[in-house]
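Here is the note you asked for on pockets and helix packing. Please read it with the model open.

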Amino acid sequence: MKRFLHICCACLIALCVGCAQKKYKRLSPEVYYKDAQDALKNKKCYDAELLFRNMLSDFPGSHLSDEAQFGLGKAFQCQKDYVTSIFEYERLLNEYPVSPYAAEARFQIGECYYQDARDIHHDQDETHKAIREFARFIEDYPQSDLVSQAENRINALRNQLARKEVMIAYDYILWKYYSSAKVYAEGVLKEYPDTESALDARFIIAQVNFKTGALDEALNELTLLIGRDLPEKLKEKVIEEMEKVKKAQSN
């Protein structure tokens, strides 16, 4: 009896596996591609992955192979598996370098790093990689319609790196490591002068000057800042700091 039950269970499992495999099998690359694209549009990321993968396996010489390879990268990106997604996009670039999808694949590699980048309280390795990949995309495909989007991404990422440096500088002021705070602030002015954080960096330098007794230098820096178009919160901090400096000068 037990042997009979084991055989029945084995048959049932085999039947289920067969049904599952059949779910992701198609008779032509065109049907594969259409169904995989539909799955992507409906956010059925895993279904899209299996359909694209089976399409590449069943029809390796298809005229849609490069599109399927690109779709496989999108399917993993849809699942937020950015490491595998990057691998699949790089495979497309290696195996189909003249594909119409090559430019977007290069862009999506940068986009994967962008989506995987962590906030300023964590390591910024993915942020740096995203900047490098978007810059490479712009260099390789300067005529692409995605160039402006890549440039916007780079600007956003550079702003993030600048905010990270400013955060560290403010921390050093709290810990009374004023020389270190100034080094980080000056680094922002050198590396990211066109970012919003450059204004914060100048304010930090003024704070350091004030706290180290360089009152005239502090007031000069704050006076220059107050003449700029500052965010309201920073403007309030500058005015408050100016009052402190003037009070210290009068004593």
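1. Basis. This is a predicted model, in which local features need pLDDT of at least 70, side-chain atom pairs count only at pLDDT 80 or more, and totals for chains, interfaces and linings use all residues. Residues are numbered from 1 along each chain as its sequence is written, and side-chain values use heavy atoms, without hydrogens or water.

2. Largest pocket. Its volume is about 270 Å³. A pocket is an open set of points on a 1 Å grid over the protein atoms alone, where a 1.4 Å probe fits, with protein on both sides within 12 Å along at least five of seven lines; lining residues have an atom within 4 Å of a point. The lining includes Gln-37, Leu-40, Lys-74, Gln-77, Tyr-82, Glu-111 and Gln-115. Helices H2 (29-41), H4 (65-78) and H6 (102-116) each give two or more residues to this lining; helices are DSSP runs (H or I, at least four residues), numbered from the N terminus. By class, the lining has three nonpolar, three polar and five charged residues.

3. H4 against H6. The axes of H4 and H6 are 11 Å apart, at an angle of about 15°; axes are lines fitted to C-alpha atoms over the stretch in contact, and angles run from 0 to 180 degrees between N-to-C directions. H4 and H6 are therefore roughly parallel (under 35 degrees; over 145 counts as roughly antiparallel). On the H4 side, Phe-70, Lys-74 and Gln-77 meet Glu-104, Ala-105, Gln-108, Glu-111 and Cys-112 of H6, contact being heavy atoms within 4.5 Å. These contact residues divide into three nonpolar, two polar and three charged.

4. Second largest pocket. This one has a volume of about 180 Å³. Val-166, Tyr-170, Glu-196, Leu-199, Asp-200, Pro-231, Lys-233, Leu-234 and Lys-237 form the lining. At least two residues come from each of H8 (147-174), H10 (197-211) and H12 (232-250), and H12 gives the most, with three. Five lining residues are nonpolar, none polar and four charged.

5. H10 against H11. The axes of H10 and H11 (residues 215-226) come within 7 Å and cross at roughly 155°. The two helices are therefore roughly antiparallel. Leu-199, Phe-203 and Phe-210 are among the H10 residues in the contact, and Leu-215, Leu-222 and Leu-225 among those of H11. The contact residues comprise nine nonpolar, one polar and three charged.

Terms used: Grid points are joined across faces, edges and corners, and a volume is the space filled by probe spheres set on the points. Ala, Val, Leu, Ile, Met, Phe, Trp, Tyr, Cys and Pro count as nonpolar, Asp, Glu, Lys and Arg as charged, and the others, Gly among them, as polar. Angles under 35 degrees count as roughly parallel, over 145 as roughly antiparallel, 65 to 115 as roughly perpendicular and the rest as oblique.
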